[in-house]
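This briefing sets out selected features of the structure shown below.

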Amino acid sequence: MDILTSYGQTTEDVDEMLQRVSTDGNELKFVIHGHDRDEDGYFIEGENQFCPVIFGAPDANKRFLVLDLSQRYDALTLAESGALRHLY
């Protein structure tokens, strides 16, 4: 599995990896990766991969994440949670 060296893995591969690194009481639901290109400033791949984009997005769309580690997030609602911020 080349999940650590390339983005855009299948949902099934990411689910398998997340299951392997999860622990009892701390089930991981998605992975965040970066350094990809997207004009909108972020994208979601499947239901378990989220990518904020600084490189390759126009200045108005460059995004980054600020996460409260005491909270739970999921990839599908992360953008609406307030954690995704504009760089400029």
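A polar contact is a pair of N or O atoms within 3.5 Å; within protein, one of them must be able to donate a hydrogen and the other to accept it. The model is predicted. A polar contact of this kind involves Y73, whose side chain has a polar atom 2.9 Å from the backbone nitrogen of D68.

**The loop between β4 and β5**

- Y73 is located in the loop that runs between β4 (63–65) and β5 (84–86).
- With a relative accessibility of 22%, Y73 is classed as partly exposed.
- Leaving aside residues up to four places away in sequence, Y73 is in contact with F30, L67, D68, L78, S81 and A83.
- A79 is buried, its relative accessible area being 19%.
- The contacts of A79, not counting residues up to four places away in sequence, are Y42, F50 and L84.
- A79 and E47 are 32 residues apart in sequence, and their C-alpha atoms are 13 Å apart in space.

**Helix α1**

- V14, M17 and L18 are the buried residues of α1.
- Viewed down the helix axis, these buried residues lie within an arc of 100°, and they therefore line one face of α1.
- The exposed residues E12, Q19 and R20 are found on the other side of α1.
- The packing partners of the buried residues of α1 are β1 (31–32) and β3 (49–52).

**The three-stranded sheet**

- Three strands form an open sheet in the order β1-β3-β2, and their pairing is mixed.
- β1 and β2 (42–45) are edge strands with a single partner strand each, so one side of each has no neighbour in the sheet.
- The pairing of β1 with β3 is parallel and comprises two bridges.
- I32 is the residue that stands opposite F50 of β3.
- β2 and β3 run antiparallel and are joined by four bridges.
- E45 stands opposite Q49 of β3.
- The hairpin of β2 and β3 has three residues between its strands, and G46 in this hairpin adopts a positive phi near 60°.
- As a general point, side chains in a regular strand alternate between the two faces of the sheet.

**The aromatic pair**

- The count of aromatic pairs is one.
- This pair consists of Y42 and F50, which are stacked with 5.6 Å between centres and 20° between planes.
- The two partners fall into separate accessibility classes: Y42 is partly exposed at 24%, whereas F50 is buried at 0%.
- Y42 and F50 are also among the residues that A79 touches.

**Salt bridges**

- The model contains three salt bridges.
- R20 and E16 form one of them, with 2.7 Å between the closest N and O atoms.
- R20 and E16 are four residues apart in helix α1 (residues 11–21), so about one helical turn separates them.
- R20 is exposed, with a relative accessible area of 62%, while E16 is partly exposed at 32%.
- K29 and E27 are joined by a salt bridge between their side chains, at 3.2 Å from N to O.
- Both partners are partly exposed: K29 has a relative accessibility of 42%, and E27 has a relative accessible area of 46%.
- K62 and D59 form a salt bridge in which the closest N and O atoms are 4.0 Å apart.
- K62 is classed as buried, at 13% relative accessibility, whereas D59 is partly exposed, at 47%.

Notes. Residues numbered from 1 in each chain as written. Predicted model: local features only at pLDDT ≥ 70, side-chain atom pairs only at ≥ 80, totals over all residues. Heavy atoms only, no water. Buried < 20%, exposed > 50% of the residue type's maximum accessible area, 1.4 Å probe, protein only. Arc of directions from axis to C-beta. Contact = heavy atoms within 4.5 Å. Pairing = 2+ DSSP bridges. Phe/Tyr/Trp six-rings, centres within 6.5 Å; stacked < 30°, edge-to-face > 60°.
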